[in-house]
Amino acid sequence: MSEHLTVVDHPLVQHKLSIMRDKGTPKVLFRQLLREIAQLLAYEVTRELPMTTERIETPMQPMDAPTLDGKKLALISILRAGNGLLDGVLDLIPSARVGFVGLYRDEETLQPVQYYFKVPDALDQRLVIAVDPMLATGNSSVAAIDLLKEAGATNILFLCLLAAPEGIARMKEAHPDVRIVTASVDEKLNEIGYIIPGLGDAGDRMFGTK
Ligand code: URA
């Protein structure tokens with residue numbers, strides 16, 4: 001583990017992830033577990049948010065009570081599988097601003113092409129958390145971070161469920177300033193870019209497509 005990479009090895013996260021990996025797990029349970037893990041990962045990544053105090057009055061006496069400081073953070077879902085993580089993170093941080101990045105892979109060039117981009121304003125003043133369950137080759141994740149930086153983001157964290165060593169290396173090379181937080185670093189990618197042992201296609205398992 002380095003500053004660039006945090007693996008959340010909490011027993012609850014790991015137990016839930018094992019159920020998600022099982023190919024017999026139905027999609028309703030898969031989605032529910034992804035949401036629960038997202039809550040636990042969000043708890044971890046928000047540990048160092050800046051704090052201030054606000055003067056309040058308890059029923060007993062006034063006090064300077066700790067509250068979050070600064071602008072609301074921005075959650076960016078990388079479509080479409082990102083939406084599964086987004087829901088859980090929003091459970092924990094309901095006032096976060098939300099954006100979406102849509103990318104598809106051009107079958108000829110194999111490069112990611114943008115088809116949708118809508119993000120909150122003042123990204124330069126917010127902690128930006130980009131969410132995508134699978135960091136596989138890293139091509140689309142790196143492209144999404146490129147776009148967020150072009151839109152002004154400077155403080156970016158990438159939150160995923162599973163990461164392949166190849167994707168981590170690609171992200172580190174392209175964006176050494178972006179911290180990756182994940183529940184697991186798996187063994188490798190297969191020849192068509194799927195994570196091994198992984199859990200299959202996260203979007204298909206979430207939405208029941210093939
Ligand atoms: N995307 C997925 O959904 N699964 C993988 O294994 C790799 C990329």
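Helices (H or I, at least four residues) and strands (E, at least two) are DSSP runs, numbered from the N terminus.

## Model and overall build

This is a predicted model, in which local features need pLDDT of at least 70, side-chain atom pairs count only at pLDDT 80 or more, and totals for chains, interfaces and linings use all residues. Residues are numbered from 1 along each chain as its sequence is written, and side-chain values use heavy atoms, with hydrogens and water left out.

The protein has six helices and 14 strands. Its C-alpha trace spans about 65 × 40 × 30 Å along the principal axes.

## Burial, contacts and surface

Of the 210 residues, 42% count as buried. Buried means under 20% relative accessible area, exposed over 50%, and partly exposed in between (1.4 Å probe, protein chains only). Contact means heavy atoms within 4.5 Å. Among contacts between residues at least 6 apart in sequence, 61% join residues at least 24 apart.

The accessible surface comes to about 11,200 Å², and 52% of it belongs to carbon and sulfur atoms. These areas come from the Shrake-Rupley method with a 1.4 Å probe; for residues, only the protein chains shown count as cover.

## A tyrosine patch

Tyr104, Tyr115 and Tyr116 form a nonpolar patch on the surface. Together they have about 340 Å² of accessible area. Patches are made of residues with over 30% relative accessible area and no salt bridge; like charges are joined within 9 Å, nonpolar side chains (Val, Leu, Ile, Met, Phe, Trp, Tyr) within 5 Å. Tyrosine 115 lies in strand E6 (residues 112-118). Its relative accessible area is 46%, so it is partly exposed.

## The E2–E3 hairpin

Strands E2 (residues 51-57) and E3 (residues 62-68) run antiparallel and are joined by seven bridges. Two strands pair if DSSP finds at least two bridges between them. Four residues lie between E2 and E3 in this hairpin. Arginine 55 has aspartate 64 in E3 as its bridge partner.

Threonine 52 is in strand E2. Its relative accessible area is 33%, so it is partly exposed. Leucine 68 is 16 residues away along the chain, yet the two C-alpha atoms are separated by 6.0 Å. Leaving aside neighbours within four places in sequence, threonine 52 is in contact with Ala65, Pro66, Thr67, Leu68 and Asp69.

## Helix H3 and its cover

The buried residues of H3 are Gly82, Gly84, Leu85, Leu86, Gly88 and Val89. Their cover includes helix H2 (27-45), E4, strand E5 (97-105), E7, strand E9 (155-159) and H6.

## Salt bridges

The whole structure holds eight salt bridges. A salt bridge is a side-chain nitrogen of Lys or Arg within 4 Å of a carboxyl oxygen of Asp or Glu. One of them joins aspartate 186 and arginine 21 (2.7 Å, N to O). This pair links distant parts of the chain, 165 residues apart: aspartate 186 is in the loop between strand E12 (184-185) and strand E13 (188-189), arginine 21 in helix H1 (residues 11-21). Aspartate 186 is buried at 7% relative accessibility, whereas arginine 21 is partly exposed at 22%.

Aspartate 204 pairs with arginine 80 in another salt bridge, with the closest N and O atoms 2.9 Å apart. Here 124 residues separate aspartate 204 in helix H6 from arginine 80 in the loop between E4 and H3. Aspartate 204 counts as buried at 16% relative accessibility; arginine 80 is partly exposed at 35%. Arginine 47 and glutamate 44 also meet in a salt bridge (3.3 Å, N to O). Arginine 47 is exposed at 52%, and glutamate 44 is partly exposed at 27%.

## Backbone exceptions

Most residues other than glycine have a negative phi, and most peptide bonds are trans. Alanine 122 has a positive phi, near 50°. Alanine 122 sits in the loop between E6 and strand E7 (127-131) and is partly exposed at 24% relative accessibility.

Leucine 79 and arginine 80 are joined by a cis peptide bond, with omega about 0°. Arginine 80 is in the loop between strand E4 (74-78) and helix H3 (82-92). The bond from isoleucine 196 to proline 197 is also cis, with omega near 0°. Proline 197 lies in the loop between strand E14 (195-196) and helix H6 (202-207).
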